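This briefing is meant to be read beside the sequence and the model. It takes up strand pairing, nonpolar cores and pockets in turn.

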Amino acid sequence: MAHLVTRALVLREVNYKESDKILTILAQDQGKRTVKAQGCRRKNSALAAASQLLVFSDMTLYDYQDRWALKEAATQEEFRGLRSDLEKLALGTYFAEVCEAVSEEGVETPGLLPLILNSLYALEKLDKPQALVKAAFEWRLCCLTGYEPLVDGCAVCGRETPEAPRLSLSEGVLHCGKCRRELGDEGISMPLDASSLAALRYIAYGDPKRLFSFQIPEKSLALLAGAAESFLLTQLERGFRTLDFYKSLRP
């Protein structure tokens, strides 16, 4: 019987039969995996804690009838601070749904597991605006999954500091406001300013371990966050029910 020892975060949980769950996990060096947690809903089950959404654990899996099953688990991080705050929990659940959407079964996306773990930690522990954490997560995820925007300079005139900078959602390129027509893109371009552009470049090209170590004025953060969400949804060509729920909680 094949065994696999790994560390993984639960991205989704679905009740199955009377006492089981089907888990979608993001595993270290393994990518997304679908795992059956047998008996985890029974009282006093040793697998109960590790079988919950957004719990990070050391896991031992075994191959049972061509499906991975959870044999043993030891929780490492439960992000309890998120569970006492509905907005933060909703945002963390959105992060999980996005990670599931961009992942392929059994194919690792390098950097994706650290990204969501660091983002959940930032939500729980760091004194940062939720909009900053959300925008940094979305931009960095795009960079890791093949949707990295080109923000070195204007895609038309080449100016490193574009005039009235805008980002094309469909083309993923930066351009000056006046260069829009020459770009030939009839889609939507999102406005940026100097601070939001600097933050975007920091997220895209900076040290991922210091992803949230920047400050930005509130008005610029609104531009950065608006462009991040719109760019992600445009590139993935879909919406997310968890995002809709999170936004319904916001004033």
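**Strands, cores and pockets in a predicted model**

Strand β2 and strand β3 (residues 31-37) pair in the antiparallel sense, and seven bridges hold this pairing. The model is a predicted one, and the points below are grouped by topic.

**The pairing of β2 and β3**

- Within this pairing, Leu 26 has Lys 32 of β3 as its bridge partner, while Ala 27 stands opposite Gly 31 in β3.
- The hairpin of β2 and β3 has three residues between the strands, and in this hairpin Asp 29 takes a positive phi near 65°.
- Strand β3 is largely enclosed by the rest of the structure, because six of its seven residues are buried.
- On the other hand, β3 is also joined by two bridges to strand β5 (residues 67-77), with the two strands running parallel, and here the bridge partner of Lys 36 is Ala 69 in β5.

- Strand β2, which spans residues 20-27, is mostly covered, with eight of its eight residues buried.
- In a regular strand the side chains alternate between the two faces of the sheet.
- In β2, Asp 20, Ile 22, Thr 24 and Leu 26 point one way, whereas Lys 21, Leu 23, Ile 25 and Ala 27 point the other way, and all of these residues are buried.
- Strand β1 (residues 3-16) and β2 run antiparallel and are joined by eight bridges; in this pairing, Glu 13 has Leu 23 of β2 as its bridge partner.
- The hairpin of β1 and β2 has three residues between the strands, and Lys 17 takes a positive phi near 55° there.

**Nonpolar cores**

- The largest nonpolar core has 57 residues, and those with the most contacts inside it are Leu 9, Phe 95, Ile 116, Trp 139, Leu 141 and Leu 224.
- Two or more residues of this core come from each of β1, α2 (86-102), α3 (112-125), α4 (130-144), α6 (194-205), α7 (218-236) and α8 (241-249).
- When neighbours within four places in sequence are left aside, Phe 95 is in contact with Ile 116, Ser 119, Leu 120, Leu 123, Val 133, Lys 134 and Phe 137.

**The largest pocket**

- The largest pocket holds about 180 Å³ of space, and its lining consists of Leu 11, Arg 12, Glu 13, Leu 53, Thr 93, Glu 97, Glu 100, Ala 101, Arg 238, Arg 241 and Thr 242.
- At least two lining residues of the largest pocket come from each of β1, α2 and α8, and the largest share, four residues, is that of α2.
- Sorted by class, the lining of the largest pocket comprises six charged, three nonpolar and two polar residues.

- The lining of the second largest pocket divides into four charged, three nonpolar and one polar residue.

Conventions:
Residues are numbered from 1 along each chain as its sequence is written. This is a predicted model: local features need pLDDT of at least 70, side-chain atom pairs count only at pLDDT 80 or more; totals for chains, interfaces and linings use all residues. Side-chain values use heavy atoms; hydrogens and water are left out. Buried means under 20% relative accessible area, exposed over 50%, partly exposed in between (1.4 Å probe, protein chains only). Two strands pair if DSSP finds at least two bridges between them. A nonpolar core is a set of buried Ala, Val, Leu, Ile, Met, Phe, Trp, Tyr and Cys residues joined through side-chain atoms within 4.5 Å. Contact means heavy atoms within 4.5 Å. On a 1 Å grid over the protein atoms alone, a cavity is a set of points where a 1.4 Å probe fits but cannot get out, and a pocket is an open set with protein on both sides within 12 Å along at least five of seven lines; lining residues have an atom within 4 Å of a point. Grid points are joined across faces, edges and corners, and a volume is the space filled by probe spheres set on the points. Ala, Val, Leu, Ile, Met, Phe, Trp, Tyr, Cys and Pro count as nonpolar, Asp, Glu, Lys and Arg as charged, and the others, Gly among them, as polar.
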